[in-house]
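Look at the model first, then read on.

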Amino acid sequence: MKRIGVMTSGGDAPGMNPAIRAVVRTAIGLGIEVFGVKGGYKGLAENDIFQMTSRSVSGIIDLGGTILKTIRFPQFKEKKVREKAYKNLKGNKIEGLAIIGGDGSAQAAYIFSSEFNFPVVLLPASIDNDLYGTDSTIGFDTAVNTAVDAIDRIRDTATSHERTFIVEVMGREHGNLALEVGLACGAEIILIPEIKIDWDKIVEELENQKIQGKSSSLIVLAEGAGKADDVAKLLQSRLPEQEIRVSVLGYIQRGGKPTSATRNLATKFGVEAVRMLKEGVHGSMVGFKNGKIVRMPLKEVISQKTTPPIENLEIVKLMDI
Ligand code: ADP
Ligand code: F6P
């Protein structure tokens, strides 16, 4: 393999830049040329492709976002668009592709690599941590820390005013982010899409917290389980004596300097991905399982669902006395 491509796709995540850096430098070190694709699958289809050098990735290990830009490009679901992408790869004599992206990018990578028998490796990158086959995705640790830092600040005003706060975090239809964040910031309640909400139970818990002498309560709500404003309205009607407020963390969870854990995961994924491409590994994902870097067939990754750390709910309950 003499020439590979690298690209970032889908929702951006902190750590994409360290991953790009690792792919570029590992490849060049192995005598493989590296071409960057600008703007995910759209850049592939529009031939927005350029050669990268070791200097192209200087000073980006600590940079949030992605220097290769990213995009959501549903047009890639059309075969003729994928054929254009394949033609552009061949036109640039690119023999393999490292794709840094989330579950949607994984679906696309599998379809594309099977359709054209083209060597592709996915580096799982998403703040949702929603890819089967890896304990952690690039960006997840950073998003958790960003959210916890923001909620620690909210906790200050919640305790000062003795208010109940509902803080909405990202995660699309998964509760992974909410469960990790909720445990770390000492939330009294975590609401996730995977578990049906029993409103009577929630109201009772909030009432008991007051009886226990808690001056304020914190509810971490995964966006897939509902909108913070709706939850606040419902609870305020059931608990008129409590002052209930809302904070939606939003896109700060997608930005910021990647943490050291994110940087090191991204770097190890980048090194392994180039090794896999050099060995001609087709349709696979790099993963991290039980402390080890692993290789997962994309077919398995896209056909299975992740299980969120539900055990965190038990621990939160133990702490809520
Ligand atoms: P993420 O990778 O963060 O989950 P998306 O869900 O937007 O983000 O997926 C990234 C890109 O992958 C999409 O914008 C689209 O270009 C492509 N994609 C996603 N699903 C498919 C699919 N089923 N077929 C073809 N392309 C897809
Ligand atoms: O998949 C990452 C993510 O941040 C989700 O948690 C969130 O629901 C979604 O992307 C937001 O999508 P967009 O960036 O297209 O607004």
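## Terms and model

Ala, Val, Leu, Ile, Met, Phe, Trp, Tyr, Cys and Pro count as nonpolar; Asp, Glu, Lys and Arg count as charged; the others, Gly among them, count as polar. A pocket is found on a 1 Å grid over the protein atoms alone: it is an open set of points where a 1.4 Å probe fits, with protein on both sides within 12 Å along at least five of seven lines, and its lining residues have an atom within 4 Å of a point.

This is a predicted model, in which local features need pLDDT of at least 70, side-chain atom pairs count only at pLDDT 80 or more, and totals for chains, interfaces and linings use all residues. Residues are numbered from 1 along each chain as its sequence is written, chains are lettered from A and ligands numbered from 1 in the order in which they are written, and side-chain values use heavy atoms, with hydrogens and water left out.

## The largest pocket

The largest pocket has a volume of about 640 Å³ (the space filled by probe spheres set on the points, which are joined across faces, edges and corners). Its lining counts 30 residues; Gly10, Arg72, Gly104, Ser105 and Arg172 lie nearest its centre. By class, the lining has 11 nonpolar, nine polar and 10 charged residues.

Helix α4 gives the most to this lining, with six residues. Helices are DSSP runs (H or I, at least four residues), numbered from the N terminus.

## Ligand 1

Ligand 1 takes up the space of the largest pocket. It is surrounded by 15 residues, the closest being Gly11, Phe73, Asp103, Gly104 and Ser105 (a residue is near if one of its heavy atoms lies within 4 Å). Helix α4, residues 103-116, gives the most to this shell, with five residues.

Polar contacts are pairs of N or O atoms within 3.5 Å. An oxygen atom of ligand 1 lies 2.5 Å from a polar backbone atom of Phe73. For the side chain of Asp103, the distance from a ligand 1 oxygen to an N or O atom is 2.8 Å. Taken alone, ligand 1 exposes 550 Å², and the protein buries 84% of that (Shrake-Rupley method, 1.4 Å probe).

## Ligand 2

Ligand 2 sits in the largest pocket (more than half of its atoms lie within 2 Å of the grid points). Its shell has three nonpolar, one polar and five charged residues.

Tyr251 places a polar side-chain atom 2.3 Å from an oxygen atom of ligand 2. For Arg254, that distance is 2.8 Å, also from a polar side-chain atom. Taken alone, ligand 2 exposes 400 Å², of which the protein buries 77%.

Technical notes. Polar contact = N/O pair within 3.5 Å; in protein donor to acceptor, adjacent residues only side chain to side chain. Helix = DSSP H or I, 4+ residues; strand = E, 2+ residues; numbered from the N terminus.
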